[in-house]
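Hi everyone, thanks for making the time. I'd like to walk you through one model this morning, so please have a look at the screen.

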Amino acid sequence: MAFEGLKVVMRDGREHGPIDLNALRGWVTAGHVPVDAVAVCQSTGARKAVGEVLGLPPPGYVPPGAYPPPPGGYGYPPPPAGYGYPPPPGFQPVDLIAPVNVRNSLAVAAGYLGIFSFVCMGPLLGIPAMICGFLALRKRKELGGGGRAWTGIICGGLTTLGTAVLLVVSLLSKH
């Protein structure tokens with residue numbers, strides 16, 4: 001018997017449809033409908049599990065010849081609550097390049113300038129890092145960013161001081 005003109009009844013009793021088999025397969029693939037939801041044929045009223053209608057194995061099915069997991073699992077502890085998919089409501093992915101929830105743009109600039117002054121251009125980036133850091137410290141109570149401001153001040157100061165010491169040593173060694 002072919003199931004056509006389907007309605008899908010979810011676990012909580014909500015009904016969706018009518019829908020055809022291709023759309024139902026797309027919903028299951030996208031994770032919108034579980035395979036154990038009920039599919040109801042609108043013309044005959046017959047009811048079957050969505051997975052059975054689509055020819056999918058039931059949940060927990062182990063094909064013949066495959067080894068099922070041992071009774072205690074594989075020795076890994078269960079994941080902590082809230083771990084995995086779907087993500088909890090209100091979850092925002094974190095981008096590690098751009099700072100998150102930072103309102104003090106001077107502190108961000110000071111931090112990056114200070115760190116990059118170590119990598120390249122020494123005092124060319126170190127002096128602006130210190131200036132931005134000191135300006136950002138004035139606004140840290142209302143905008144935050146004190147750690148980034150201090151990073152800019154310390155890293156910028158060290159590279160500027162280090163470059164100045166190297167310049168003096170090189171000038172004195174020529175005489």
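Let me start with a question: does I154 count as buried, partly exposed or exposed? I154 counts as partly exposed, because its relative accessibility is 49%, where buried means under 20% relative accessible area, exposed means over 50%, and partly exposed lies in between, with a 1.4 Å probe and protein chains only.

Before going on, a word on what you are looking at. This is a predicted model, in which local features need pLDDT of at least 70, side-chain atom pairs count only at pLDDT 80 or more, and totals for chains, interfaces and linings use all residues. Residues are numbered from 1 along each chain as its sequence is written, and side-chain values use heavy atoms, with hydrogens and water left out.

Back to I154, which sits in helix α6. Together with Y112, I115, F116, F118, V119, W150 and L158, I154 makes a nonpolar surface patch of about 820 Å². Such a patch takes residues with over 30% relative accessible area and no salt bridge, and joins nonpolar side chains (Val, Leu, Ile, Met, Phe, Trp, Tyr) within 5 Å; like charges would be joined within 9 Å. Two elements give two or more residues to the patch: α3 (105–119) and α6 (146–173). Of these, α3 gives the most, with 5 residues.

Now the overall layout. The protein chain has 6 helices and 4 strands, taken from DSSP runs and numbered from the N terminus (helices are H or I, at least four residues; strands are E, at least two). Along the sequence, they follow the pattern β-β-α-β-β-α-α-α-α-α. Of the 175 residues, 23% count as buried. The accessible surface comes to about 12500 Å², with 66% of it belonging to carbon and sulfur atoms; the areas come from the Shrake-Rupley method with a 1.4 Å probe, and for residues only the protein chains shown count as cover.

What about the inside? The largest nonpolar core has 12 residues, among them L6, V8, M10, I19 and L24. A core here is a set of buried Ala, Val, Leu, Ile, Met, Phe, Trp, Tyr and Cys residues joined through side-chain atoms within 4.5 Å. β1 (6–9), α1 (21–30) and α2 (50–54) each supply at least two residues of this core, and the largest share, 3 residues, comes from α2. A second, separate core of 5 residues includes A107, A136, A149 and I153.

β1 pairs with strand β2 (residues 15–19) in the antiparallel sense over 3 bridges; for two strands to pair, DSSP must find at least two bridges between them. V8 has H16 in β2 as its bridge partner. Their hairpin has 5 residues between the strands, and there G13 takes a positive phi near 95°. β1 also runs antiparallel to strand β3 (residues 38–41), joined by 4 bridges, with L6 opposite C41.

Finally, the charges. How many salt bridges are there? The count comes to 2, where a side-chain nitrogen of Lys or Arg must be within 4 Å of a carboxyl oxygen of Asp or Glu. One joins E15 and K7 at 3.3 Å, N to O, and K7 is partly exposed at 28% relative accessible area. R14 and D12 meet at 2.7 Å, N to O. D12 counts as exposed because its relative accessible area is 52%, whereas R14, at 47%, is partly exposed.
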